[in-house]
Amino acid sequence: MVLLGAGRRCAALVAALLVSGCAGYVPGMPCGLPRGMASLRTHRGAQACRMSAGTGDGEQSVNSAAAMCGTAGMAPQSFLEEQARLVGTAIPGAVPRKQWSDALRVEGLTPKVDVTLRGDQMPASLREQERSGRTRPDWFRVPAPPPPTSDTKYTQLKEGLRELKLNTVCEEAQCPNIGECWNGGTGTIMLLGDTCTRACRFCAVKTSSTPAAADESEPFNTAKAIAEWGLDYVVLTSVDRDDMPDGGAAHFALTVDFIKVWNPSILVECLVSDFAGDLAAVESLAASGLDVYAHNIETVERLQNKVRDLRAGYQQSLVTLKHAKSIRPNLVTKSSIMLGVGEKDEEVFQAMRDLRAAGVEILTFGQYLRPSRKHMRVYEYVPLEKYEFWKKEGEALGFAYVASGPMVRSSYKAGEFFIAAMVNERRAQAKAL
């Protein structure tokens, strides 16, 4: 058996139970020990247990346990009978696996406890880790990025970003797909610095109410780097910049303009904030020449205040997505929902309906992962089959494309080829008019 320790349990009684092989343990202070006597802890009981296993002298072990309990001098048989009575009182119906008298035999007993387990390996602790997000299901695995010394696209991209002093959301948000995406030549550039003015409870990006000023050379450097890398599809995103009058929309629009100058055929997706509900800012970016306008509602309406910064909002996000679509009807719009934060199925259905009503065409579902203990816990790890369920339901509701899986992220390359084909088709239709 495995006994879970606590400072307020009588360690000597635990030792006696271990020696006897009893199936239970007794909470409380059966030997009259005063509450708060923290010096008698379960590790002492384990010590007495090891004595019985090592010496082969059951009577000596019982005498040691009696001494620890403050009843030294009591006959071993009387001591064990008293412990049996206490166990019966505390746990009605408890039956020891061995007769109490067997504890006095010369060869001793093998204790039924694994004293090698650490506290974080105990069953209750493991369940708590699973509940809180500190452990993951066996099937929840991703490839590790290549080592820094390897000659891969990952290291080349990483070095290029450092040289130009560019940030990526892949690194700042601790994206689990960084190795796969960067080796495939796809990266998500994060504009406007690496410090967010908001503090959403799920996000690993650092925060401050007074971040550094935006780098005026960043739009040009970003466009130059993208052109040199030979990418044909790029995702631009940013931290929230509530400290800027337009939330950084003009900075975004200028970056898109430069990219299109370097190479008009490059497809540009912008994953942006809600710009604090500033529709003029939304309009300036939507009209800039980007191909995909993406903004994440993150979760269902009921959980918005639990998951996102209070300056964000469910309706505010829907309004910005709808307005972007109204400015350019052929603009592809996209959003994302995290699963595993406490949402209910009907709430997810409603969020999907609301997104469709706002004209959103691309939707992604992914598993929330807890970046650190400072962030909100994982409510559940959503089973793989549920992702397939949401994919089918999304398609039935009329979304043009649904990427759904534990490791899918809003800027993940899973739908890149489909979206590229979708954008190119609309470009061809526009030229034909």
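In which sense do strands S2 and S3 pair, and over how many bridges? Select residues 188-191 for S2: S2 and S3 pair in the parallel sense, over 4 bridges. (Strands are DSSP E runs of at least two residues, helices are H or I runs of at least four, both numbered from the N terminus; two strands pair if DSSP finds at least two bridges between them.) To get from S2 to S3, the chain passes through helix H9 (residues 218-229), and this β-α-β crossover is right-handed, meaning that with the strands pointing away from the viewer, the path from the first strand over the helix to the second runs clockwise. Zoom in on Ile189, which sits opposite Leu236 in S3.

A word on ground rules: this is a predicted model, where local features need pLDDT of at least 70, side-chain atom pairs need 80 or more, and totals for chains, interfaces and linings use all residues. Numbering starts from 1 along each chain as its sequence is written, and side-chain values use heavy atoms, leaving out hydrogens and water.

Now select S3, residues 233-238: 6 of its 6 residues are buried (under 20% relative accessible area, 1.4 Å probe, protein chains only). Tyr233, Val235 and Thr237 point one way, while Val234, Leu236 and Ser238 point the other.

Next, pick S4 (residues 267-271), which runs parallel to S3 with 5 bridges joining them. Val268 in S4 is the bridge partner of Val234.

Last stop: helix H11, residues 279-286, where Ala281, Val282, Leu285 and Ala286 are buried.

Key:
Buried means under 20% relative accessible area, exposed over 50%, partly exposed in between (1.4 Å probe, protein chains only).
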